[in-house]
Amino acid sequence: MNPASPRLTWYGSTGERIELSGKVLDNWVAKTANFLVDEFDFGPGMSLSLDLPAHWKSLCILLGALAAGGTVTSAQGGTLLASSDQQRLELDQRPAIAVSLAALALRWDGELGPQVRDYAAEVRMFADSFERFDDPAESQLALSIGELQCEYQQLSELRQEYSQADRIALDSTVGLSAVATTALGIWQSAGSLVLAEHRSLLTASLLSSEAARLR
């Protein structure tokens, strides 16, 4: 697939439209992986608790964690926490990442504790390429989100449902598990995802303009 072609398009409830091409998405993933490894020594055998809704930034962080060889989980017991909830960040004792979901936010709007890093403010400083030091075991869990349990050796199976270069539209209210499995499957099939914050945004006109089919 052309690296300039869209891979992820986000429609937010405040009217923003954010489109990441294949190259730009790869850059975000590499920056995120470098951020996780350099700042938290994240890698195989470690887990990232993703306390975030389905969002374009959530997917970048999820992909970055997988690139680093860790496990992404929705459980509370992960090695590292990523959250957009100020209270959760204040109460949790683990190293954490504050993730602002505001449109084009450049920093977290609020105070952060000494163990909390600001994703929006820091991630852009990291390199656009990433090479993993250690590979995870094939049997290590890659994803443990709700009922979704997927080992690294099973990730390639997610593509089987999609045709080549398919373009799928979803809304974030279906949950992070459904969005993550759809995104990983379609991207492995050289396709792309249109993700909207609410179902009402996925109008017939929008689907036609994006040449996407509703999932």
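What share of the contacts in the protein chain between residues at least 6 apart in sequence join residues at least 24 apart? Hello everyone, let's start there: the share is 65%, where contact means heavy atoms within 4.5 Å.

A word on the model before we go on. What you see is a predicted model, where local features need pLDDT of at least 70 and side-chain atom pairs count only at pLDDT 80 or more, while totals for chains, interfaces and linings use all residues. Residues are numbered from 1 along each chain as its sequence is written, and side-chain values use heavy atoms, with hydrogens and water left out.

Now the overall picture. The protein chain has six helices and 12 strands; these are DSSP runs, numbered from the N terminus, with helices being H or I of at least four residues and strands E of at least two. Its radius of gyration, taken over C-alpha atoms, is 16 Å, close to the 17 Å that the globule rule gives for 215 residues, so the chain is as compact as a globular protein of that length. That rule is 2.2 Å times the number of residues to the power 0.38. Along its principal axes, the C-alpha trace spans about 45 × 40 × 35 Å. Of the 215 residues, 53% are buried; buried means under 20% relative accessible area, exposed over 50%, and partly exposed in between, using a 1.4 Å probe and protein chains only.

Next, please look at the largest pocket, which holds about 330 Å³ of space. Among the lining residues are Arg-7, Asp-26, Trp-187 and Gln-188. By type, the lining divides into eight nonpolar, two polar and two charged residues.

Let's visit two serines. Ser-83 lies in strand β5, residues 80–83, and is buried, with a relative accessible area of 0%. A polar atom of its side chain lies 3.0 Å from the backbone nitrogen of Asp-85. Not counting residues up to four places away in sequence, Ser-83 touches Asp-51, Leu-52, Arg-88, Leu-89, Ile-97, Ala-98, Val-99 and Trp-108.

The other serine, Ser-172, lies in the loop between β10 (167–171) and α5. Is Ser-172 buried or exposed? Ser-172 is buried, at a relative accessible area of 13%. Its side chain reaches the backbone oxygen of Glu-197 at 2.8 Å. Leaving aside neighbours within four places in sequence, Ser-172 is in contact with Ala-54, Leu-195, Ala-196 and Glu-197.

Finally, some backbone angles. Most residues other than glycine have a negative phi. Leu-104, however, has a positive phi near 55 degrees. Leu-104 sits in the loop between β6 (96–98) and β7 (116–118), and counts as exposed at 67% relative accessibility. Ala-190 also is not a glycine, and has a positive phi of about 60 degrees. Ala-190 is in the loop between α5 and β11 (192–196), and is buried, with a relative accessible area of 16%.

One last stop is Val-24 in helix α1, which counts as partly exposed at 34% relative accessibility. The C-alpha atoms of Val-24 and Ala-4 are separated by 8.2 Å, and the two residues are 20 apart along the chain.

Terms used. 1 Å grid on protein atoms, 1.4 Å probe; cavity = no way out; pocket = protein on both sides within 12 Å on 5 of 7 lines; lining within 4 Å. Points joined across faces, edges and corners; volume = space filled by probe spheres on them. Nonpolar A, V, L, I, M, F, W, Y, C, P; charged D, E, K, R; others polar. Polar contact = N/O pair within 3.5 Å; in protein donor to acceptor, adjacent residues only side chain to side chain.
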